[in-house]
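Student: I have a new structure open and would like to go through it. Can we start with the whole chain and then pick out some residues?

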Amino acid sequence: MARPEGYRKALRVMKQAEKFGFPVVTFIDTPGADPSLEAEERGQAWAIAQNLAQMAKLRVPTVALVIGEGGSGGALAIGVADRLLMLENATYSVVSPEGCASILWNDAALAPQAAAAMRLTAWDLRQASIADAVVPEPEGGAHQDYAQAGAAVRGAVSQALAELDSHYGRGADLDVDRLLAARFEKYRRVGVLNGIEPTT
């Protein structure tokens with residue numbers, strides 16, 4: 001659960017990658033940002049907001065991979081990318097099931113019902129066109145065979161970067177305007193329901 005300094009450090013590294021033309025790859029595994037009073041006093045919400053805004057504008061290809069739990073703004077703050085990949089047993093949501101149940105029904109014990117309604121699994125998010133690909137895990141989960149899981153992750157990230165290269169070019173030939181337009185359109189369409197278009 002990163003503190004504001006962690007998000008600022010991550011953004012600094014992303015901006016460095018942008019400066020030298022390197023693609024950015026992030027790995028997400030957090031239930032959320034550090035919720036402590038100290039983190040809030042040091043600008044937690046502002047740090048997350050800055051990351052969201054700056055990642056949306058990075059002038060290099062970006063890939064985010066959820067390898068475990070991707071929860072709340074803490075995950076979103078390093079998850080704005082051209083391609084979002086998820087391990088098949090990973091989850092990704094704007095709030096934890098416990099938090100959702102507490103907000104909606106005043107009862108965190110109803111978290112299982114909230115989780116089912118939220119549809120936060122990798123396959124649910126792929127079906128909703130939020131995740132771009134689901135990375136298969138070894139039987140029993142990634143922790144059962146690190147080498148096989150690592151090979152699958154490497155292949156998925158390499159494929160995503162290759163697709164971005166083929167669509168938008170690379171290095172000096174990168175079509176930044178088209179890349180940014182496509183990224184904007186990707187996030188603009190998140191949450192479109194039953195063919196209802198978002199307003200501008």
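**The chain and some of its residues**

Tutor: This is a predicted model. A compact globule of 200 residues would have a radius of gyration near 16 Å, and the chain agrees with that, having 17 Å.

Student: What does the C-alpha trace span along its principal axes?

Tutor: The C-alpha trace of the chain spans about 55 × 45 × 40 Å.

Student: How many helices and strands are there?

Tutor: The chain has nine helices and five strands. Starting at the N terminus, their order is α-β-α-α-β-α-β-β-α-α-α-β-α-α.

Student: And what share of the residues is buried?

Tutor: Of the 200 residues in the chain, 38% are buried.

Student: Which share of the contacts joins residues at least 24 apart?

Tutor: Taking contacts between residues at least 6 apart in sequence, 66% join residues at least 24 apart.

Student: What about charges, how far apart are the mean positions?

Tutor: The chain has 19 positive and 24 negative charges, and their mean positions are 9 Å apart.

Student: On to single residues. Where is Thr62, and is it buried or exposed?

Tutor: Thr62 belongs to strand β2, which covers residues 62–71. Its relative accessible area is 1%; buried means under 20%, so Thr62 is buried.

Student: What does Thr62 touch?

Tutor: Leaving out residues up to four places away in sequence, Thr62 touches Val24, Val80, Ala81, Asp82, Arg83, Leu164 and Arg183.

Student: Now Gly79. Which elements is it between?

Tutor: Gly79 sits in the loop between α4 (72–76) and β3 (83–87). Gly79 counts as buried because its relative accessibility is 3%, with the limit for buried at under 20%.

Student: Which residues is Gly79 in contact with?

Tutor: Setting aside neighbours within four places in sequence, Gly79 is in contact with Ile28, Met55, Ala64, Tyr92 and Tyr187. Gly79 is also 64 residues from Lys15 in sequence, and their C-alpha atoms are 15 Å apart in space.

Student: What about Ser93, where is that?

Tutor: Ser93 is in strand β4, residues 91–93. With a relative accessible area of 14%, Ser93 is buried.

Student: What does the side chain of Ser93 reach?

Tutor: The side chain of Ser93 reaches the backbone oxygen of Val95, at 2.7 Å. Beyond residues up to four places away in sequence, Ser93 touches Gly70, Gly71, Ser72, Met118 and Leu120.

Student: Ser72 is on that list. What is its phi near?

Tutor: Phi of Ser72 is near 60°, a positive value in a residue other than glycine. Ser72 is placed in helix α4 and counts as partly exposed, at 28% relative accessibility.

Student: What about Asn106, where is it and what is its phi near?

Tutor: Asn106 lies in the loop between α5 (97–105) and α6 (111–118). Its phi is near 60°, also positive in a residue other than glycine. Asn106 counts as exposed because its relative accessibility is 74%, and exposed means over 50%.

Student: Last one, Lys19. Buried or exposed?

Tutor: Lys19 counts as exposed, at 64% relative accessibility. Lys19 is part of helix α1, residues 4–20.

Student: How far is Lys19 from Arg42?

Tutor: Lys19 and Arg42 are 23 residues apart along the chain, and 27 Å separates their C-alpha atoms.

Notes:
Residues numbered from 1 in each chain as written. Predicted model: local features only at pLDDT ≥ 70, side-chain atom pairs only at ≥ 80, totals over all residues. Heavy atoms only, no water. Helix = DSSP H or I, 4+ residues; strand = E, 2+ residues; numbered from the N terminus. Rg over C-alpha atoms; globule rule 2.2 N^0.38 Å. Buried < 20%, exposed > 50% of the residue type's maximum accessible area, 1.4 Å probe, protein only. Contact = heavy atoms within 4.5 Å. Lys, Arg positive; Asp, Glu negative; His and termini not counted. Charge placed at Lys NZ, Arg CZ, Asp CG, Glu CD. Polar contact = N/O pair within 3.5 Å; in protein donor to acceptor, adjacent residues only side chain to side chain.
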